[in-house]
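Subject: Structure handover

Hello,

Here is the structure I promised to pass on. Please open it next to this email as you read.

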Amino acid sequence: MAEPPHPPGGGGTGGEGPGRSRGGFTTKLHLSADGRCRPLSLIVTPGQRADCTQFEPVLEKIRVPRTGPGRPRKKPDSVAADKAYSNGPCREYLRRRGIRHWIPEKTDSEAGRQHKGSRGGRPPGFDEERYKKRNTVERAINRLKQARAVATRYDKRGYLFLGTATVAALAIWLRA
């Protein structure tokens, strides 16, 4: 018997959402936010899923409608992310799309690059002042968690939790 289709971004096996991690059954809410801490895109995954695997899907889901005629905007001006996204595929994706980024280099990556000497390449550009704006994502998550259903995670299915988080995001946008 064929397995029924599940909503995209719904989470783990069969769209359930919770996944096994160190803290028990958990889920992760991956999101992007604008400079005013308003969510632009949301994805729910099981707790054991790595953050960097959802980098491209989160950025691909960004759609900002224009006030006048025209297609929605899909590409951010710049991205500030933490060290979890400091890997080759994430940086290559940003380079390919022409998006400026401020992602600190992991300590072990830096040591490996320096160990190679001149063959290790040059270090990626990093601006500490612009990186400080990364906290807008953390503040956006805190604003989402003002909705009790998002903070306590009552929904058992991933697609239901995604819907709850989307409603909370809409409330943030309507207040702005």
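Below is what was found, from the overall layout down to single side chains.

First, the ground rules. This is a predicted model, where local features need pLDDT of at least 70, side-chain atom pairs count only at pLDDT 80 or more, and totals for chains, interfaces and linings use all residues. Residues are numbered from 1 along each chain as its sequence is written, and side-chain values use heavy atoms, with hydrogens and water left out.

**Layout**

The protein chain has seven helices and five strands. These are DSSP runs, numbered from the N terminus: helices are H or I with at least four residues, strands are E with at least two. Along the sequence the pattern reads β-β-β-α-β-α-β-α-α-α-α-α. Of the 176 residues, 32% are buried. Buried means under 20% relative accessible area, exposed over 50%, and partly exposed in between (1.4 Å probe, protein chains only).

**Cores**

A nonpolar core here is a set of buried Ala, Val, Leu, Ile, Met, Phe, Trp, Tyr and Cys residues joined through side-chain atoms within 4.5 Å. The largest one has 14 residues. L31, L42, A140, L144 and V150 have the most contacts inside it. At least two residues each come from β2 (24-33), β3 (39-46), α5 (135-144) and α7 (158-175). The biggest share, six residues, is from α7.

V150 touches L144, K145, F161, T164, A165 and A168, leaving aside residues up to four places away in sequence. Contact means heavy atoms within 4.5 Å. A second, separate core holds 11 residues, including I62, C90, L94 and I99. In soluble globular proteins, nonpolar side chains tend to be buried together.

**The loop between β2 and β3**

C37 sits in this loop. Its phi is near 65 degrees, a positive value in a residue other than glycine. C37 counts as buried because its relative accessibility is 4%.

**Salt bridges**

There are seven in the structure. Each is a side-chain nitrogen of Lys or Arg within 4 Å of a carboxyl oxygen of Asp or Glu. Three of them are worth a look:

- R38 and D34 meet at 2.7 Å, N to O. R38 is buried because its relative accessibility is 13%. D34, at 16%, is buried too.
- D77 and R73 meet at 2.3 Å, N to O. D77 is exposed at 53%, while R73 is partly exposed at 33%.
- K132 pairs with E129, with the closest N and O atoms 3.2 Å apart. K132 and E129 are both exposed.

Best wishes
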